[in-house]
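Please open the model in your viewer and keep the selection tool at hand. The stops below each say what to select next and what is to be found there.

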Amino acid sequence: MRYWLSIILAMTLVPPAASAADKVTLGESIVTLYCASCHAVGKTGDSPHPQAPAFRDLHQRYDVSDLMEGLVEGLVSGHPDMPEFEFTPEQAEAIVAYLKSLETE
């Protein structure tokens with residue numbers, strides 16, 4: 001049931017008037033669905049793929065807001081194991097909101 005709920009949430013567009021909490025929740029669902037098989041997407045835990053950075057640490061490398069364009073146009077990494085992803089602008093905004101919610105420093 002949770003799996004299907006995640007899929008439904010990930011495919012849902014965030015209305016422009018959605019609250020910040022709604023965007024964070026949707027962003028978490030999207031990264032859990034698409035990214036958790038390789039990356040640690042939560043506040044704790046190790047990445048299943050040893051070379052995949054934990055999402056909670058991304059803000060230490062760069063401003064996660066800079067990912068917005070790449071998420072919409074097709075996020076490509078230099079790592080051959082990472083597939084290319086494209087998200088709607090609303091989904092990208094939700095993903096960035098979630099990544100920002102993980103920042104602890």
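**A tour by selection**

Begin with Glu 69, which counts as exposed because its relative accessibility is 53%, where exposed means over 50% relative accessible area, buried under 20% and partly exposed in between, with a 1.4 Å probe and protein chains only. The model is a predicted one, in which local features need pLDDT of at least 70 and side-chain atom pairs count only at pLDDT 80 or more, while totals for chains, interfaces and linings use all residues. Residues are numbered from 1 along each chain as its sequence is written, and side-chain values use heavy atoms, with hydrogens and water left out.

Glu 69 sits in helix H4, residues 67–73; helices here are DSSP runs of H or I with at least four residues, numbered from the N terminus.

Next, select Lys 23 and Glu 93, which form a salt bridge whose closest N and O atoms are 2.6 Å apart. This pair joins distant parts of the chain, with Lys 23 in helix H2 (residues 20–34) and Glu 93 in helix H5 (residues 89–101), 70 residues apart. A search of the whole structure finds 1 salt bridge, the term standing for a side-chain nitrogen of Lys or Arg within 4 Å of a carboxyl oxygen of Asp or Glu. Side chains of opposite charge can pair when their charged atoms come close. Lys 23 is buried, at a relative accessible area of 15%, whereas Glu 93 is partly exposed, at 35%.

Stay in helix H2 and select Gly 27, which counts as buried because its relative accessibility is 0%. Then show the C-alpha atoms of Gly 27 and Ile 95, which are separated by 4.0 Å although the two residues are 68 apart along the chain.

For the last stop, how many disulfides does the count give? The count comes to 0 disulfides, a disulfide being a pair of cysteine sulfur atoms within 2.5 Å. Select Cys 35, which is in no disulfide and whose nearest cysteine sulfur, that of Cys 38, is 8.7 Å away. Cys 35 is buried, with a relative accessible area of 13%, while Cys 38 is partly exposed, with 26%.

How values were computed:
Helices (H or I, at least four residues) and strands (E, at least two) are DSSP runs, numbered from the N terminus.
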